[in-house]
Amino acid sequence: GETCSALLLFISIMTMFMSGVVAIFEYDLKKIIALSTLSQLGMMMFSISLGLYELAFFHLLTHALFKALLFLCAGILIHGAGNTQDIRSFGGLSLNFPLVTVCMNLANLSLCGVPFLAGFYSKDLIVELACQYSWGIFVLLMMFICLSLTVLYSVRLTYLSFVGPYGGGTSISVCESDYSLVGPVVILSFTSLVSGPILSWLNFPAPVLIFLPVFLKWGALFFVGVSLLVMLSLQGLTYSYKWGAVSKFSGLMWFLPWLTGQGFSMKTLKNA
């Protein structure tokens, strides 16, 4: 049992780290959100490896709500921006899609674990209870780094899509007048706001007691805040500074697609 937990802990942390790093260098809107899902699944497995099964389920529920909202908003943006998924052709979309911008930013903030949104209740609890375990400084540091990576790719996505300079793609705001598109988004936004406390009341019959030193208690929020500032200051360098080999390596998803299926399918398709 102990060995299995340690192995699951290692795999889950590496999954969170890999998906976070790859998402920072990715330009496909749907891929960024999918990698973010992978990172949160790593978070759930991390929780399970520590024996916090109820917390993993709680995070699964809150994450389902704000991630569904993120995907719906992404769908509206893709539909409205001329069926392009490349966030480099977005930029300044907050003018054309004010409602979707608000809802998507709400989902992104919830994903980052900003206080009193749905993601905060589950994520912060996992982080704080993990800080009580004696796995060592490496595990804690990696966990906080993975938290920071979530904030980094979320801020980058928001900046390039809504705030940054116009990328040259087509953009129409007809989508926001279609209630069948916008209706579910507004409903899910409401759940992203209130589902955290409601689900925590339903899931946990007794309050969770947490005993931590002050610097660890504020650790998660400190990392979120610092990452936010770092990414905002880096946005000016997005196009001028080339990452070279790192960017290429991450853009190819650490060669994992090739290792898992692409290499085999290329050989078999050539023979077909």
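Q: Which residues form a nonpolar patch on the surface?
A: Phe 249, Leu 252, Phe 255, Leu 256, Trp 258, Leu 259 and Met 266 do, with about 680 Å² of accessible area together. This is a predicted model, where local features need pLDDT of at least 70, side-chain atom pairs count only at pLDDT 80 or more, and totals for chains, interfaces and linings use all residues. Residues are numbered from 1 along each chain as its sequence is written, and side-chain values use heavy atoms, leaving out hydrogens and water.

Q: Which helix gives the most to the nonpolar patch?
A: Helix α11, residues 256-271, with 4 residues. Leu 259 lies in that helix.

Q: Is Leu 259 buried or exposed?
A: Exposed, because its relative accessibility is 52% (buried is under 20% relative accessible area, exposed over 50%, partly exposed in between, with a 1.4 Å probe and protein chains only).

Q: OK, switching to rings. How many aromatic pairs are there in the whole structure?
A: A search finds 5 (ring centres of Phe, Tyr or the six-membered ring of Trp within 6.5 Å; planes under 30 degrees apart are stacked, over 60 edge-to-face, the rest tilted). Phe 58 and Phe 204 make an edge-to-face pair, 5.3 Å centre to centre with 85° between the planes.

Q: Where do Phe 58 and Phe 204 lie in the chain?
A: Phe 58 is in helix α3 (residues 53-80) and Phe 204 is in the loop between α7 (179-203) and α8 (214-217), 146 residues apart. Both are buried.

Terms used: Patches are made of residues with over 30% relative accessible area and no salt bridge: like charges are joined within 9 Å, nonpolar side chains (Val, Leu, Ile, Met, Phe, Trp, Tyr) within 5 Å. Accessible areas come from the Shrake-Rupley method with a 1.4 Å probe; for residues, only the protein chains shown count as cover. A salt bridge is a side-chain nitrogen of Lys or Arg within 4 Å of a carboxyl oxygen of Asp or Glu. Helices (H or I, at least four residues) and strands (E, at least two) are DSSP runs, numbered from the N terminus.
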